[in-house]
Amino acid sequence: MSKPLLEVKGLKKYFDVTGGVFSKKVGEVKAVDDVSFTVYEKEVLGIVGESGCGKSTTGKALLRLTEPTEGEVKFAGKDIISLSDEEMRKMRRDMQIIFQDPYASLNPRHKIEKILGEPLLVHGIGSKKERREKVERILEIVGLPGEAAQRYPHQFSGGQRQRIGIARALIVNPKLIVCDEPVSALDVSIQSQILNLMEDLQEEFGLTYVFIAHDLSVVRHISDRVGVMYLGRMVELADNEELYENPMHPYTRSLLSAVPDPDPDKITERVILEGDVPSPSNPPSGCAFHTRCPEAMDICKQVRPEFTEKSVNHFVACHLYDDDVKDRSQIK
Amino acid sequence: METVKKQETKQPMQGPEKPQKKVESISPWKEAYWQLRKNKLAIVGLCIVLFFILIAALAPFITTHTVSGMNAADRLTGPSSDYWFGTDYSGRDIFTRIVYGAQISLIVGFFAVTGAMFFGSLLGIVAGYYGRWVDMLISRVFDIMLAFPSILLAIAIVAMLGPSLQNALIAIAIINIPIFGRLVRSKVISIRQEEYILAAKAQGMKSSRILIHHVLPNSTAPIIVQATLGFGVAILEAAALGFLGLGAQAPTPEWGRMLSDSRQYIQSAPWTVLFPGLSIMLVVLGFNMIGDGLRDALDPKMKS
């Protein structure tokens, strides 16, 4: 496997909950609670999870768009959490983001030319003429006509806008792109176009993606490895095939059983979870999933499972795979 | 292979919804202008205001009398071919005074609004962008100013500075600062939450650049609307201060002043108050109509 590009260790993001007249801190929402993973060069790491599990916050914390509460993020061997604002600003050239909502992420008052040219400008790339050429080239790469540069965002459809969003991230030649649910706001027919484009671009430019999504089939399509998040924690991380064929964590299993199969004759066993996702401001003790887990044991309520490698490149945070626990259940 | 693939992805882009024969860049401003043109009331308002601007600009050419040329023999005569709007109690031509009064009102409106807009926006941006205690401080000062009836506050300020047209202008500017300030503050706060601001940060832009190139241009629409509406209000306030004797002083042909000076002749010579009153009403109406039209055009979400 190639070199690690991004190493995340113990990433935490807690949002303060304030209340009362003087906005005193009354609690905290643990949006991201101790997440660790590594992204290797030129791979696509998918992150899936249901709404509110902290996957978007993880993506934004990686880029310090929200300051992480704790943890270590190393990009190309450099700890970016300790960088000053100005150093971080320069670093952003190598790490870009594509946003979920193509309607909200483009400044409505700017022409496409300015939207795409501005990243070049602020990083001091090229002269005015070169920048204009670059903008035209990138538009062609993402499949938009060159004239698009003279128009405003509201003159484009959702899929076209997302292409512009991709072009904006791509234009500074970044190494890493965090894709924060880039297709979930688009029509299904447009989704595949955008996904194919992103795949082509990844191959062409040797990009590394952190691909955040809630759509399991989308993630399966594009990712090399997939991480599953639940309530601010990473519960499972494995190679694409391995995860979909051999899910270990009970949450992953139930999630995968919910994916519809086009074959009507195939009978799949649905693992239906009961209850709601607990509040991240007051997560359950021990394993966060124990309140809904069909295979919960006593230890799950008390001890938070370690996120460890249970088989080759397959990380799971579950007591079911602890050696001593396995023995104990056998004794029973 | 590569090119074929490109074309495939390119094809659906020229979607059926937009036949793009000609590249037209439709800026949001242009669109707003089209919207505004469709609004008949706004056009009427625009005509009224343009009319007053025109007569103010051409004042020396369309008047036949001098502003304070008294003519005791002709005092309080009704409208005639010689005195179109009649004369006041000292025999001055009311038409001439209305025309020159238009200059004063427009100048007062312009500078009061510009001043209020400048300082209000500045404070609003600072409060909205820096937040925390700065915001707390500025917002509370605005709250205190807004707690007074605006004309009362204006009277207090003029009383401190001394009654004159210039001081009335300053007072009007000051009392309008919190209106602009709060507007800009709330707009800045809401725009800061927008994803394109986060995108700008992710792109690696400095916060000063984000503020000037991204936050500000997106907050201009409500400021323009408020400025237009504020123009009418400022003229009205100037007239009110003039009427109370706190604005323009005696010979100045200020409309409010003319009203108060002629108020005792309201029954014997109604034209002396009718025309200044009508002028104030028309100008304010004109500005309000433009303002409403602009609001509809610039902020389509506000439309019912």
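A salt bridge, as the term is used here, is a side-chain nitrogen of Lys or Arg within 4 Å of a carboxyl oxygen of Asp or Glu. In this predicted model, Glu118(A) forms such a salt bridge with Arg209(B), the closest N and O atoms being 3.0 Å apart, and the count of salt bridges between chain B and chain A is one.

**The interface between the chains**

The contact draws 36 residues from chain B and 45 residues from chain A, and the area buried between the two chains is about 3600 Å², of which carbon and sulfur atoms give 52%. Between chain B and chain A there are 13 residue pairs in polar contact, with both residues at pLDDT 80 or more. On the side of chain B that touches chain A, the elements giving two or more residues are α1 (2-10), α2 (28-38), α9 (195-203) and α10 (207-243) of chain B; the largest share, seven residues, comes from α9(B). The residues of that side divide into 13 nonpolar, 10 polar and 13 charged.

His110(A) lies in the loop between β6 (95-98) and α3 (112-122) of chain A and is buried, with a relative accessible area of 5%. Leaving aside its neighbours within four places in sequence, His110(A) is in contact with Ile115(A), Glu118(A), Tyr152(A), Pro153(A), His213(B) and His214(B); Glu118(A) is also the residue that forms the salt bridge with Arg209(B). The backbone oxygen of His213(B) lies 3.0 Å from a polar atom of the side chain of His110(A). Along the chain, His110(A) and Arg161(A) are 51 residues apart, and their C-alpha atoms are separated by 13 Å.

His319(A) is found in the loop between β12 (314-316) and α11 (323-331) of chain A, where it is buried with a relative accessible area of 4%. A polar atom of the side chain of His319(A) lies 2.6 Å from the backbone oxygen of Val303(A).

**Helix α9 of chain A**

Seven of the eight residues of helix α9 (residues 250-257) of chain A are buried, so this helix is largely enclosed by the rest of the structure. The buried residues are Pro250(A), Tyr251(A), Thr252(A), Ser254(A), Leu255(A), Leu256(A) and Ser257(A), and what covers them includes α7 (216-222), β9 (225-230), β10 (233-239) and α8 (240-245) of chain A.

**Aromatic pairs**

A search of the whole structure finds 12 aromatic pairs over all chains, and two of these are set out below.

| Pair | Centre distance | Angle between planes | Arrangement |
|---|---|---|---|
| Tyr230(A) and Tyr251(A) | 4.5 Å | 55° | tilted |
| Phe85(B) and Phe275(B) | 4.0 Å | 5° | stacked |

Because Tyr230(A) lies in strand β9 of chain A and Tyr251(A) in helix α9 of chain A, their pair ties together parts that are 21 residues apart in sequence. Both Tyr230(A) and Tyr251(A) are buried, and together with Phe289(A) they form one aromatic cluster.

The pair in chain B links distant parts of the chain, with Phe85(B) in the loop between α4 (59-62) and α5 (94-130) of chain B and Phe275(B) in helix α12 (residues 271-298) of chain B, 190 residues apart. Phe85(B) is partly exposed, with a relative accessible area of 22%, whereas Phe275(B), at 16% relative accessibility, counts as buried, since buried means under 20% relative accessible area.

Note on methods
Residues are numbered from 1 along each chain as its sequence is written. Chains are lettered from A and ligands numbered from 1 in the order in which they are written. This is a predicted model: local features need pLDDT of at least 70, side-chain atom pairs count only at pLDDT 80 or more; totals for chains, interfaces and linings use all residues. Side-chain values use heavy atoms; hydrogens and water are left out. Contact means heavy atoms within 4.5 Å. Buried area is the accessible area (1.4 Å probe) that two parts lose on being put together, summed over both. A polar contact is a pair of N or O atoms within 3.5 Å; within protein, one must be able to donate a hydrogen and the other to accept it, and residues adjacent in sequence count only if both atoms are side-chain atoms. Helices (H or I, at least four residues) and strands (E, at least two) are DSSP runs, numbered from the N terminus. Ala, Val, Leu, Ile, Met, Phe, Trp, Tyr, Cys and Pro count as nonpolar, Asp, Glu, Lys and Arg as charged, and the others, Gly among them, as polar. Buried means under 20% relative accessible area, exposed over 50%, partly exposed in between (1.4 Å probe, protein chains only). Rings of Phe, Tyr and Trp (its six-membered ring) pair if their centres lie within 6.5 Å; planes under 30 degrees apart count as stacked, over 60 as edge-to-face and the rest as tilted.
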